[in-house]
Amino acid sequence: MRTDKSGRTSAGILLWRRREGRLQVLLAHQGGPFWANKDLGHWTIPKGEVEPDEEFEAVARREFAEETGHDAPDLPLVEIGEITQKSGKRVLGWAVEGDLDPSTATSNSYEMEWPPHSGAIQAFPEIDRVEWFELDEARQKLKAAQVPFLDRLQTALAADPEQAEKSAQAGQDPTVGK
């Protein structure tokens, strides 16, 4: 059963880095019993819902911190547009270069009745893990609706002369894996 989330908006950050000449992105896997055995097509950028009167970029930074336990780098964010997920939820995305050790990531938690109809309330992490993926694998891991964020990141990096220069100096191509 799919929940209708039309009218709801989330904002998130796609953290990226280069390793061995390859572009990598940090993705988050949802926590809790419903997601425990789901992998391909079930990862997301760290994101969360926007409340009335909140600034989108501020929400993206807050949610990144809540879902990874780390602040996003204090650098300008690159807008990577918006998508609409199957549920109807609108997701606004930004990207920023940085690094994060996945083993140090911690997420906020939520409570729910588990097992269903048991009356027992359990806490689960909102995000149970984050991992770095090269773009080809990230395209398979991400929710299908979020894959355009990867294309837009590549386009933004290719169009940024400063990033292209950094890549050339490092012997790296920001569009590898395209």
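Trainee: Which residues touch the most other members of the largest nonpolar core?

Mentor: Leu-14, Trp-16, Val-25, Leu-27, Leu-150 and Leu-153, out of 20 residues in that core. This is a predicted model, where local features need pLDDT of at least 70 and side-chain atom pairs pLDDT 80 or more, while totals for chains, interfaces and linings use all residues. Residues are numbered from 1 along each chain as its sequence is written, and side-chain values use heavy atoms, without hydrogens and water.

Trainee: What makes a set of residues a nonpolar core?

Mentor: The members are buried Ala, Val, Leu, Ile, Met, Phe, Trp, Tyr or Cys, joined through side-chain atoms within 4.5 Å. Buried means under 20% relative accessible area; exposed is over 50%, and partly exposed lies in between (1.4 Å probe, protein chains only).

Trainee: Which elements give two or more residues to this core?

Mentor: β1 (9-19), β2 (22-30), β5 (78-84), β6 (90-97), α2 (135-141) and α3 (147-159). The most come from α3, with 5 residues. Helices (H or I, at least four residues) and strands (E, at least two) are DSSP runs, numbered from the N terminus. Another core lies apart from this one: it has 18 residues, among them Val-50, Val-59, Phe-64 and Leu-92.

Trainee: How do you know that β5 and β6 pair?

Mentor: Pairing needs at least two DSSP bridges between the strands. β5 and β6 are joined by 5, and they run antiparallel. Glu-82 stands opposite Leu-92 in β6. In the hairpin of β5 and β6, 5 residues lie between the strands, and Gly-88 takes a positive phi near 100 degrees.

Trainee: How many aromatic pairs does a search of the whole structure find?

Mentor: It finds 3. One of them joins Trp-43 and Phe-133, at 5.1 Å centre to centre with 85 degrees between the planes.

Trainee: Why is the pair of Trp-43 and Phe-133 called edge-to-face?

Mentor: Rings of Phe, Tyr and Trp (its six-membered ring) pair if their centres lie within 6.5 Å; planes under 30 degrees apart are stacked, over 60 edge-to-face, the rest tilted. The 85 degrees here therefore count as edge-to-face. Trp-43 is in strand β3 and Phe-133 in strand β9, 90 residues apart.

Trainee: What kind of pair do Tyr-110 and Phe-124 form?

Mentor: A tilted one, at 6.1 Å and 40 degrees. Tyr-110 in β7 and Phe-124 in β8 are 14 residues apart in sequence, so the pair ties those parts together. Tyr-110 is partly exposed at 27%, whereas Phe-124 is buried at 14%.
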